Amino acid sequence: MLARIEIMPEQLLQQIVNGLLIGFMYSLIAIGLTLIWGVMNIVNFAHGDFLMVGMFTSFWLFSLYGLDPLFSIPICFLLLFVMGMLIYRFIVSKVMKGPMLAQLVVTFGVSIFLSNLAVYLWTPDFRLIPPTILQGTWEFGEIILSIPKTVASVGSIITSVCLFLFLKKTKTGKAILATEMDRESALLMGINTERINSLSFGIGAALVGVAGAFLSTYYYIYPQVGGLFGLIAFSIVALGGFGSIEGAFIAGILVGLVQTLGGFFFDPAYKYAIVFMIYLITIWIRPQGLLGW
Amino acid sequence: MTVGLAVMVMLLIFPLVVTQIFPLQIMILVFMYAMLGVAWNIMGGYAGMFSFGQAAFFGIGAYTSSYLLMAFHVNPWFGLIAGGVVAALVAAAIGYPCSNLRGHYFAIASIAFAEIVRVYFNNWTLVNAAEGISLPMLDESFTNFMFHNSKVPYYYIMLAFLLLALVVCHFVATSKMGYYFRAIKESHDVAEVLGVNVVRYRLIAIMVSAFLSAMAGTFYAQYVLYIDPESVMLLAISIQIVLLSMLGGAGSVMGPVIGAAVLIPIAEVTRVWLGHQGTGVDMLIYGFLITIISVYQPQGVWGILSRIGNRIK
Amino acid sequence: MSKAICLDVKGMTKWFGGLAANQDIDFFVEEGEIVSIIGPNGAGKSTLFNCITGFYKPNGGKVSFFGRDIYRMRADKICKLGIARTFQVVQVISDMTVLENVVTGALLRFSRIGLATEKALEILAFTGLIEKKSFLGTELTIADKKRLEVSMALATQPRLLMLDESMAGLTRVELRAIIDLIKKIRAQGMTLVIVEHVMEAVMEISDRVVVLNSGKKIMEGVPKEVCSSPEVIQAYLGDKYRVVC
């Protein structure tokens with residue numbers, strides 16, 4: 001399976017760069033998931049499909065109104081924020097006290113519904129947004145940096161930092177962190193944990209919607225696109241530590257690197273298997289992840 | 001149990017009365033998914049290990065018997081047993097390190113495991129990787145587990161397999177094992193404090209579940225005569241198994257059977273009428289139903305029936 | 001005629017990160033005794049329980065049960081040897097009936113469901129839950145859940161019963177009922193170790209009392225000695241108080 005014998009240092013560097021670029025996107029996707037998981041202990045199996053909705057929102061705003069994807073970010077954020085809160089309020093909140101099986105299955109149901117609604121409304125066709133403001137590549141010697149990917153990565157970092165500041169510096173943000181750490185104590189201190197749940201679900205969805213907007217600048221847009229991203233996000237959240245924002249950020253980058261380098265040194269066909277292996281190994285050896293408690 | 005007897009009789013004479021192929025195919029699928037649901041139920045509904053990766057065992061069963069047939073001309077009935085054993089061993093190997101995992105963590109581990117298996121088989125040249133295995137054509141006979149002219153023998157074989165699974169499940173449910181599984185489902189602490197070796201019983205649950213799922217896999221291979229990772233190891237299959245078990249009632253012997261009897265015909269019929277244009281309407285309704293059921297009736301049909309039964313008492 | 005030593009704990013130590021939840025704790029229990037472990041919140045009482053019964057892995061010490069080394073033994077093996085316990089947060093099997101819960105415990109010694117059911121019914125009669133045998137776990141009051149938990153523990157036929165705060169959250173009537181039950185259990189020859197906060201109960205039923213504070217044992221003796229010890233009072237109430245006992 002070891003495919004290369006001579007590796008040029010430039011090739012390796014290129015792979016590392018590619019890995020980082022994917023990794024930053026993964027980070028943003030995973031941060032939303034870990035927030036939801038940390039606050040209300042529910043795995044959002046529809047997370048990848050929220051990404052898909054973000055991507056399609058960006059696509060249609062571009063196709064119908066000529067809005068460049070970068071400018072549709074705030075719209076994606078708001079749309080998915082509302083969608084997330086509604087899904088929490090009318091669906092998820094009702095199973096929180098139900099049996100574990102129902103909690104597991106309900107977000108699968110939402111996932112299947114969303115992805116097939118997309119098929120129904122927009123057909124299963126693959127779509128692409130043609131390059132607009134951002135296009136082309138930067139070249140540093142032998143290393144090629146795709147501009148859309150780089151902008152998306154920077155955007156992802158900025159968004160993550162914004163979230164981080166929101167959580168640490170604002171009153172609402174701190175309430176969210178408090179609920180995440182110790183739900184009962186938060187309740188006792190007068191925090192309305194139901195409202196926090198709803199807010200967190202909304203923010204989690206909004207974040208991955210923004211990731212979708214960034215991703216749509218260079219990735220194929222189609223109804224089933226969320227599936228794999230959603231599954232990879234689980235590994236990232238586990239590696240980073242359930243509920244840890246910083247952890248998800250770092251783990252996202254790591255997984256991006258492992259996936260790219262793993263595919264480079266071993267068979268590219270196995271790269272996703274390697275990502276899933278990460279989940280299993282993390283959960284067996286260090287269940288609290290890198291930065292979790 | 002006169003209802004049960006009546007149903008049994010109807011099932012036995014069904015192929016003699018209904019001769020169109022489509023209903024027969026649906027019934028065979030119902031039996032197969034019912035068996036997969038019963039197998040899932042043993043580890044999920046009873047012992048609380050909610051696996052979303054049963055397709056891996058289904059596929060391992062299908063591949064083991066098919067590969068043995070293709071490469072070594074091993075009779076499919078022996079292949080059936082071999083497939084079960086291999087699946088059980090793999091189940092033990094993955095189940096052991098996961099002994100402490102519960103709820104969401106276990107669910108995701110099962111998905112991770114099943115996807116790893118699928119990716120591996122998709123690239124494993126020994127079993128033709130993504131191309132899959134076309135089963136060699138044998139003369140039609142029961143010993144060869146192959147029938148070319150009619151699907152009726154498959155109907156009876158699958159029904160017999162389902163009955164076997166039900167007997168196993170019934171035995172589990174009404175024995176010491178069943179009580180211990182249910183204790184484990186509640187919490188590991190409760191089980192341990194009553195003297196239950198949690199690791200051992202969890203392994204038993206997973207291995208039995210895997211063996212039965214693999215049997216269904218071998219049946220599928222002998223029925224369809226072609227398998228590939230995309231048709232026997234798909235996540236969608238695993239999810240379907242969980243859904244129909246929940247719909248019928250997880251934690252009861254007959255629950256998955258009811259769930260399969262309701263869900264599979266609907267899924268097949270809508271797929272043919274609505275789905276073949278690729279509009280996704282059938283799956284849309286499906287997703288909607290799952291969501292509604294999780295929220296409003298997570299105990300499934302069996303839960304409704306039990307409540308009615310209790311009120312009558 | 002000296003009694004056998006049922007439980008012998010020496011130097012029990014358990015660290016959580018930098019915190020010594022249990023530090024070098026020694027105590028023993030004679031067969032047939034009721035020993036109570038008391039101390040303010042956070043003293044390490046439940047940690048001690050968990051270390052003895054296999055739910056935590058202690059960092060140091062020795063534990064023997066009727067002479068048999070059980071240090072760091074797996075929890076289910078300890079149960080098989082004859083130690084049963086209840087939990088601070090009561091744990092019963094919610095989807096099962098009261099009877100089924102106790103049967104699950106009885107199955108440890110009687111593998112056939114029929115025989116286990118008979119034994120379970122006997123236990124329920126003994127603990128006073130027989131009327132409610134068809135209630136589901138979820139349908140019980142706290143007091144009944146605790147009673148059920150004790151029944152389940154008794155079904156495993158232990159020689160030592162360890163109760164972790166069985167009296168928390170009970171009304172006066174329920175308290176009297178559980179005290180009577182404990183006395184009834186002891187009358188059958190059982191040895192008991194109980195963690196308790198309800199002082200009147202501790203004084204009434206204990207042969208000896210062990211007092212923990214901040215992970216260490218600070219005193220041990222008969223109830224009257226312990227309750228008038230200034231150290232113990234200080235541990236619970238701080239420096240400013242003196243109590244006439």
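pLDDT is the predictor's confidence in each residue, on a scale from 0 to 100. Keep that in mind as you look through these views, since the model is a predicted one.

Figure 1. The average pLDDT of chain A is 88, and 97% of its residues score at least 70. Look for helix 3 of chain A (residues 73-95), where confidence is highest, at a mean of 94. Then find strand 1 of chain A (residues 137-140), where confidence is lowest, at a mean of 79.

**Figure 2. The helices and strands of chain A.** You can count 11 helices and two strands in chain A.

**Figure 3. The overall form of chain A.** The C-alpha trace of chain A spans about 60 × 50 × 35 Å along its principal axes. How does the radius of gyration of chain A, with its 293 residues, relate to that of a compact globule? A compact globule with that number of residues would have a radius near 19 Å, and chain A has 19 Å, so the two agree. Inside the chain, buried residues account for 54% of the 293. Contacts also reach across the sequence: of those between residues at least 6 apart, 79% join residues at least 24 apart.

**Figure 4. Where chain A touches chain B.** Here 35 residues of chain A are in contact with 36 residues of chain B. On the chain A side, the elements giving two or more residues are helix 3, helix 4 (100-122), helix 9 (226-240) and helix 11 (271-285). Which of the elements of chain A gives the largest share of this side? That is helix 4 of chain A, with 15 residues. By class, the chain A side holds 30 nonpolar residues, three polar and two charged.

**Figure 5. Where chain B touches chain C.** In this view, 14 residues of chain B are in contact with 22 residues of chain C. Two or more residues of the chain B side come from each of helix 7 (176-186) and helix 8 (188-193) of chain B. Helix 7 of chain B gives the most, with five residues. The chain B side that touches chain C is made up of six nonpolar, three polar and five charged residues.

Key: Residues numbered from 1 in each chain as written. Chains lettered and ligands numbered in written order. Predicted model: local features only at pLDDT ≥ 70, side-chain atom pairs only at ≥ 80, totals over all residues. Helix = DSSP H or I, 4+ residues; strand = E, 2+ residues; numbered from the N terminus. Contact = placed C-beta atoms within 7 Å. Nonpolar A, V, L, I, M, F, W, Y, C, P; charged D, E, K, R; others polar. Rg over C-alpha atoms; globule rule 2.2 N^0.38 Å. Buried ≥ 20, exposed ≤ 12 C-beta atoms within 10 Å, placed from the backbone.
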